[in-house]
Amino acid sequence: MDFSSLLTSLGTSFLIFIFLVLVFSWLSRNPGNRVIYFPKRVLKELDAPKSRNPLAWTVEALQATEDDIISIAGLDAAIYLRFFTTALMIMIFSAGVCLLLLIPLSVTDTNYRTTLEQAKNKTSATYDDFDKLAMGNIQQDSNRLWAFVIAGYWVSIVTYIVLWKTYKHVLRLRAREQTSLESKPEQFAILVRDIPPVPTGKTRREQVDSFFGMLYPETFERSLIVTDMSQADKVWTELKGYRKKLARAEVMFETSRTVKKPEGTRPLHRTGILGLVGKNVDSIDFYNEKIKNVSPKLKIKQKITVTEKQVAAAFIIFNSRHAATAATQVLHSQLAHTWTVMAAPEPRQIVWKNLAIPFYQRLIRENIVYIIAFFVIVFYMIPIAFISALTTIENLSKIVPFLKGVMEKTAIKSILEAYLPQLALILFLNFLPTILMFLSKAEGIPSESLVVRASSGKYFYFIVFNVFLGVTLAGTLFQSIKLVEEEPNSVVTLLGNSLPPNASFFISFVALKVFVGYGLELSLLVPLVIYHAKKRFLCKTEAELQEAWAPSGFDYATRVPNDMLIFTVALCYAVIAPMILPFTILYFAVGWLVLRNQALNVYVPSYESNGRMWPHMHTRILAALFLSQITMIGYFSIKKFSYSALLIPLPFVSLAFGYVCRKCFYTSCCIISLEVACKGEKEVPSLSSLIDAFTPPCLLVDDEFNDVEQYEDAHSAILSRSTSSDTSNT
């Protein structure tokens, strides 16, 4: 991408951002849009801001403290925004040295001019004035490279210091929240899996109760045996659907009543596929009859589920938070693959179908998923590389000759060259997250937050390997393919010499995500259009209307990896092409501001893991730093700098730093310490509330389970009948 195309990309992206901010300011003042722009206020029955200042939202976002974010959006959202603060600090401190020290040294050297004069017509590669701002313009083995070595150490040291302080801050936040939170069900329960087969003469519940009653005689309260509820859930979902359709039909009937026709019109529908074929029936009578028939069926399925469908997993309830916390940190059996225990997930994020998966099957599933993920990450690079090479203006003109006439128009060429590769790349990447979420859930992970973290990790390595490395390597090879054919040994040199010029692509990519991405995030145009379309054509009942605008939480599975990609690109180019730093600073600064507004007003979390995402983020930040150090070492070797070996210790220092952080902080960030559990001792919730919390919705009757003995299984009844029969025979 030449300099004019880069300026076109930056200018148009900024204009789009200004337009979207103004659109947000205008649309958010409309009372009919409050449910999209201020759903949290709607849920709390608060008024929306009345200021007509288009920047009023920035004042609110800036004035909000971290405690405000935690109280309104939860600790997970606060930790996510803390990542933006961390990245911003690293970028600002790095830019202070890299921009002021390295750019003057680069722009006053002559390596590119010398290279072009020597290469003559052997390569189609070109360099403009913007490329001279990068390390590529430094002569080989120049004394100026000492400054780049110093900058490399500076960026690494800054990252270590900021990460260390952030990790300690996160731990303080977690401890404070754990000691100040109201009592929650998961704080008084643990999840036990891989329970051995039921001994002869005992029920599953008796087996579990006797085991934990022996280990915790004073604090053990009771056990809740997990069941295979697939059949009950199917019937429950069917019943919910009929009730929803009945409510819709009743509303349609009521709205049909008018002064001229007070009797109204009974809604009708066909019973066949998609309501297009089949018998025409009265909707209200039809759905009432269906509900009448399905309700008894659900009760039967519920009874069968809780008596005959029990699995080798259970929730153990304690009468003390301290005891529940201690139980998660000890080995409960001599055989590590039996009676495996973990902290109980938050009830709303339990993946019920995964609780029954046995220990060895989980290991097999995990390894199979890792193998599949590896092949996806590696071989997805082929289409990524193809798209990267294909969507350049020159290559499209070669493949589609009739485009040459269009490309002769400078304005059209600049716009297409600025946006086409980035848009193609972004659209292509949208197909992957759903696949990775499915694979992560297939591992047998028991909670939604753990599934999200697993998917996020896979997506991070995919996006770094394929987008960062794929775009850089593929673009360079395609650009200089003729020289590679003539001199195969020049591949490494070509890659090194072309690495800094590729910074312009990533600058445009970052700018697109800053201005267009965050502009769309703030304006919420897509959710707004979908909501009004549903409201106009689909929603009839109040429940359907609420479902149409129901807010969701931050999608960490895709947000975190995409943010990490920008951070990785910034670190890798911080020394090699430092002009990327101002744009990444802008990305994290604008993102911090926009996402604070969304956390305060828009997103409602579907679960809360109390900041357990941070160790994942910390590891990925170190992985990005490690990759940048390896890249820097390789590039210095191409520059043939005599003292490039001085950079070799950096990756080992990063590994050592990661090891120390893991030993010092990781355990405390994943489990609750007994010290914190004792300080945060609260009133123990009632047993009935704990039972309801850890009972699947499809097994609840009128939103609560009416039989505390729900977990007695069929073996108990059989045993009772056998005893009675033996007595009568005697």
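Predicted model: local features only at pLDDT ≥ 70, side-chain atom pairs only at ≥ 80, totals over all residues.
Residues are numbered from 1 along each chain as its sequence is written, and side-chain values use heavy atoms, with hydrogens and water left out.

D194 sits in the loop between β1 and α9; helices (H or I, at least four residues) and strands (E, at least two) are DSSP runs, numbered from the N terminus. The phi of D194 is near 60°, a positive value in a residue other than glycine. L524 lies in the loop between α22 (503-523) and α23 (525-537), and L524 is buried, with a relative accessible area of 8%.

Now step back to the whole chain. The protein chain has 31 helices and 6 strands. Of its 730 residues, 50% are buried. Of the contacts (heavy atoms within 4.5 Å) with a separation of 6 or more, 82% are between residues 24 or more positions apart.

Strands of a sheet pair through backbone hydrogen bonds, either parallel or antiparallel. Here, 4 strands form an open sheet in the order β2-β5-β1-β6, with antiparallel pairing; two strands pair if DSSP finds at least two bridges between them. At the edges are β2 (220-227) and β6 (340-343), each pairing on one side only. From one strand to the next, the twist averages 25°. Helix α9 (residues 204-215) packs on this sheet, where it touches β1 (189-193), β2, β5 and β6, and its direction makes about 145° with that of β2. Axes are lines fitted to C-alpha atoms, for helices over the stretch in contact, and angles run from 0 to 180 degrees between N-to-C directions.

Follow the pairings across the sheet. β2 is joined by 6 bridges to the antiparallel strand β5 (residues 310-318), and T227 stands opposite Q310 in β5. β5 also pairs with β1 in the antiparallel sense, over 5 bridges, with F315 as the bridge partner of L191. On to β6: 4 bridges join it to β1, and the two run antiparallel, with L191 opposite M342.

How enclosed is β1? Since 5 of the 5 residues of β1 are buried, it is largely enclosed by the rest of the structure. Both of its faces are covered, with A189, L191 and R193 buried on one side and I190 and V192 buried on the other.

Next come the nonpolar cores. A nonpolar core is a set of buried Ala, Val, Leu, Ile, Met, Phe, Trp, Tyr and Cys residues joined through side-chain atoms within 4.5 Å. The largest one holds 134 residues, and Y556, F567, Y573, F588, W614 and F636 have the most contacts inside it. Helix α6 (residues 75-107) gives the most to this core, 16 residues. Leaving aside neighbours within four places in sequence, F636 is in contact with M135, L145, F148, V149, F641, S644 and L647. Another core lies apart, with 20 residues, including A313, A344, L355 and L690.

H616 is found in helix α27 (residues 614-638) and counts as buried at 8% relative accessibility. Not counting residues up to four places away in sequence, H616 touches R453, S456, G457 and V560. N562 belongs to helix α25 (residues 556-574) and, at 16% relative accessibility, counts as buried. With residues up to four places away in sequence left out, N562 touches Y459, I463, K513 and Y587.

Our last stop is a helix pair. The axes of helix α4 (residues 56-63) and helix α26 (residues 581-601) come within 9 Å and cross at roughly 85°. That makes α4 roughly perpendicular to α26; angles under 35 degrees count as roughly parallel, over 145 as roughly antiparallel, 65 to 115 as roughly perpendicular and the rest as oblique. W57, T58, E60, A61 and L62 in α4 meet W592, L593, V594, R596, N597, L600 and N601 in α26. The residues of this contact divide into 7 nonpolar, 3 polar and 2 charged, where Ala, Val, Leu, Ile, Met, Phe, Trp, Tyr, Cys and Pro count as nonpolar, Asp, Glu, Lys and Arg as charged, and the others, Gly among them, as polar.

Definitions and conventions:
Buried < 20%, exposed > 50% of the residue type's maximum accessible area, 1.4 Å probe, protein only.
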